[in-house]
Amino acid sequence: TAQATGLARRNQLLRAGQELVKVSENFALQDDACNLFIGRVFAMTKAAADEWDVPHVSELPSGGCPFHPNCTHDEQGYFVELHEDDDAEELKATFSRPPAWALNRRWNEVQKEYVKRGGNDFGQKNNPNYARAHTTGGRERAQGRR
């Protein structure tokens with residue numbers, strides 16, 4: 001259901017002339033490689049990928065959100081004109097790229113590499129959007145967050 005919803009959202013955005021999506025800024029329910037993608041922008045067309053120097057959604061594990069079963073992330077339309085006044089550092093973070101090894105690979109391979117590199121600690125250090133992420137309701141209790 002989540003995949004169908006995501007594809008319908010992409011199609012509707014493309015019909016409306018929008019070419020960018022942003023992965024939702026929520027923490028995963030468990031420590032997983034989703035942390036590498038939260039808050040980052042991806043292109044739905046090759047032209048947008050070239051123009052904005054961001055990966056195409058097809059390069060994401062599973063072809064985009066949801067990345068895995070029970071994934072709580074989704075893709076939201078990213079409207080550049082609504083972010084023209086954003087802080088330069090925030091824009092830089094939003095348009096930052098995930099590690100190259102996390103693209104064009106299957107989810108289980110990305111997850112394995114993520115754990116090998118330190119899991120959550122690695123995600124915090126390698127995704128500048130991590131600090132803006134919010135909880136989804138269960139993770140803060142599991143990790144002692146409030």
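Lys and Arg count as positive and Asp and Glu as negative, while His and the chain ends are not counted; the place of a charge is taken as NZ of Lys, CZ of Arg, CG of Asp or CD of Glu. On that basis the chain has 19 positive and 21 negative side chains, with the centres of the two sets 9 Å apart. This is a predicted model, in which local features need pLDDT of at least 70 and side-chain atom pairs count only at pLDDT 80 or more, whereas totals for chains, interfaces and linings use all residues. Residues are numbered from 1 along each chain as its sequence is written, and side-chain values use heavy atoms, with hydrogens and water left out.

**Fold and dimensions**
- The chain has 6 helices and 3 strands, taken as DSSP runs numbered from the N terminus (helices H or I, at least four residues; strands E, at least two).
- In sequence order these elements follow the pattern α-β-β-α-β-α-α-α-α.
- The C-alpha trace spans about 40 × 35 × 30 Å along its principal axes.

**Burial and contacts**
- Buried residues, meaning those under 20% relative accessible area with a 1.4 Å probe and protein chains only, make up 46% of the 146 residues.
- Of the contacts (heavy atoms within 4.5 Å) with a separation of 6 or more, 68% are between residues 24 or more positions apart.

**Residue S24**
- S24 is found in the loop between β1 (20–23) and β2 (41–43), and S24 is buried, with a relative accessible area of 4%.
- Leaving aside neighbours within four places in sequence, S24 is in contact with I38, G39, T72, H73, D74 and Q76.

Notes. Buried < 20%, exposed > 50% of the residue type's maximum accessible area, 1.4 Å probe, protein only.
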